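Hi there,

Here is the model I promised you, with the sequence alongside. Have a look at it first, and my notes follow below.

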Amino acid sequence: MRKYSIFAVAREAMRGHKGWEAQWTSPEPRKEYDVIIVGGGGHGLGAAYYLAKEHGITNVAVIEKGWLGGGNTGRNTTIIRSNYLYDESMNIYEHSLKLWEGLSQDLNYNVMYSPRGVMMLSHNINDKQSFQRHIHANRLHGIDNEWLTPEQAKAYCPPLDIAATARYPINGATLQRRGGTARHDAVAWGYARAASDRGVHVIQNCEVKGIRRGPDGSVSGVETTKGFIGAKKIAVSASGHNSVIMAMADVRMPLHSTPLQALVSEPMKPIFPCVVMSNSVHAYISQSDKGELVIGAGTDQYNSYSQNGGLQIVTHTLDAICELFPMFRRVKMMRQWGGITDNTPDRSAIQGVTPVKNLFVNCGWGTGGFKATPGSAHLLAHLIAKGEPHRLAAGLTLDRFRTGRLIDEAAAAAVAH
Amino acid sequence: MLLIYCPYCEEDRSELEFRHGGDAHIVRPTNMADISDEEFEEFFFLRDNPKGVIYERWRHIHGCGRFFNAARDTVSDRFLASYKTGEPKPALSGASPASAQLAEPPAQIDETTEGTAK
Ligand SMILES: Cc1cc2nc3c(=O)[nH]c(=O)nc-3n(C[C@H](O)[C@H](O)[C@H](O)COP(=O)(O)OP(=O)(O)OC[C@H]3O[C@@H](n4cnc5c(N)ncnc54)[C@H](O)[C@@H]3O)c2cc1C
Ligand SMILES: [Zn+2]
């Protein structure tokens, strides 16, 4: 792999950009791999990269039914933060945030991680109490999160309407300064390139259709549109389709899949300096480097794999955006899309072993797993290599729905992502 | 936005009038204190989450207020049938229009067809 650097850019500029090589190879599948990862999103590709880099396991294939980043990795609104409430969540999201900070250097790929600050608006006394509880919990955990008065919030984000007469008045906000955004496609591409460089096979346009098991019940490989491919271990990391793939191994999951939508505006000059979220009125917004406002809407109420969603969900969030930021009322929206998210009953992810030997699962990241990508991928690689969860992911087991040790982040976060 | 047929009001109404009620045909155990953790997990948390036909509950919350069941294709979001609570899963004709009725009217209310959880 030829390193990306300012010199590489200068060299290519001199010779008409003819020397750039393909970022990853597209090999034909081998007969068998030590590890097959189902799903070429950020989590799956990242896990393959860390398997090779940190565990020396390179006979690995990532199998993706479409193109890299065509799933939720390329559909999300890229909000990154770690100020969750419960230890189990803080452990993994903070681990992830630390990896984000050095990810571009580690991968030699600019993932454009931008710690521009994530602000959460408080609209009433209940919000305020809940958010301050978060702040205290976060600080005990060494995670930055601070309280802002409405005036401080306005100073940090000038477009915000803090008038007492506003439709949704604000009595303060929290700010995680290390939170922010990153370039979603670059995350998939950067991991794919770095994994491929270490010998991992990235196999696109290949759908997993079945999971084959040996006489002792353990996995032996996958049936795909390119035929049978053997595997000693299989990890499933297919976001909205995790239930479908786990069913191939006769495992029923505590998941339901729903569309989640996002939309972007026409590009504008830089106007919006940070990420703002409001749980109470459901709005979240940031501005991309291209200048588009990036807005996240909610999930539909019913199970669906349609990668689309109801228009009323979009208008609901736009109503809130127009009230919070009156200057955006005349902005035109350019594109809207949906992605299928896999949601658990307690809205926390599942990463761990399954009842099937050598079958691992990474799922339930639902509406908020982009921020977890490096951390989740890193710990998933550990799980696959060692056969048991890493300390930082130890609470995210599948069997918590039997034991009752739920991680009730649903009540704590209250909003998508 | 979905257009949903309420079998009680006998009308297609906008999704805004309805609240989704999760999977249909799941029977709440009557001996809740006696069942094992595995049985509770099965009843309460585990779901098929099918890519294809799902049987689900809806409540016409801003209409008649009643719960009913529907069969819907989760890929196209097309409704295949809407039927009253307590009626068995309908035989699906597949090619029915959005507001399709049952392929055949249910013969009678049959509690024994309501799910397999104990
Ligand atoms: C609109 C929207 C906004 C969001 N906003 C945020 C946000 O602001 N912040 C945040 O942290 N998170 C956000 N999320 C959630 C986040 O996108 C997901 O949690 C995360 O991307 C999941 O990562 P992944 O890499 O595992 O999934 P994906 O990128 O979806 O990867 C899974 C892959 O599996 C593949 N696959 C499926 N079935 C098969 C099969 N049978 N065979 C082979 N491959 C298969 C899919 O094609 C897909 O590429 C958002 C999601 C959406 C939809
Ligand atoms: Zn009705």
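**What I found**

In chain B, residues 24 or more positions apart account for 44% of the contacts (heavy atoms within 4.5 Å) that have a separation of 6 or more. A few ground rules before the rest: this is a predicted model, where local features need pLDDT of at least 70 and side-chain atom pairs count only at pLDDT 80 or more, while totals for chains, interfaces and linings use all residues. Residues are numbered from 1 along each chain as its sequence is written, chains are lettered from A and ligands numbered from 1 in the order in which they are written, and side-chain values use heavy atoms, with hydrogens and water left out.

Staying with chain B, you will find one helix and six strands, in the order β-β-β-α-β-β-β along the sequence. Helices (H or I, at least four residues) and strands (E, at least two) are DSSP runs, numbered from the N terminus. Of the 118 residues in chain B, 38% are buried, meaning under 20% relative accessible area with a 1.4 Å probe, protein chains only.

**Where chain B meets chain A**

Here 25 residues from chain B touch 24 residues from chain A. About 2200 Å² is buried between the two chains, and carbon and sulfur atoms give 47% of that; buried area is the accessible area (1.4 Å probe) that two parts lose on being put together, summed over both. On the chain B side, B:Phe45, B:Asn49 and B:Lys51 supply 30% of the buried area, more than any other three residues.

Three salt bridges cross this interface, each a side-chain nitrogen of Lys or Arg within 4 Å of a carboxyl oxygen of Asp or Glu. One salt bridge joins the side chains of A:Arg252 and B:Asp48 (2.8 Å, N to O). As for elements, β3 (19-23), α1 (37-44) and β4 (53-59) of chain B each supply at least two residues to the side that touches chain A, and α1(B) gives the most, with four residues.

**Inside chain A**

Contact between them involves 18 residues of domain 1 and 15 residues of domain 2, and the area buried is about 1300 Å², 44% of it from carbon and sulfur atoms. Within domain 1, A:Arg75, A:Gly240 and A:Thr367 lose the most area to domain 2, together 41% of what that side buries. Between these two domains, the salt bridge count is zero.

Best wishes

Key:
Buried means under 20% relative accessible area, exposed over 50%, partly exposed in between (1.4 Å probe, protein chains only).
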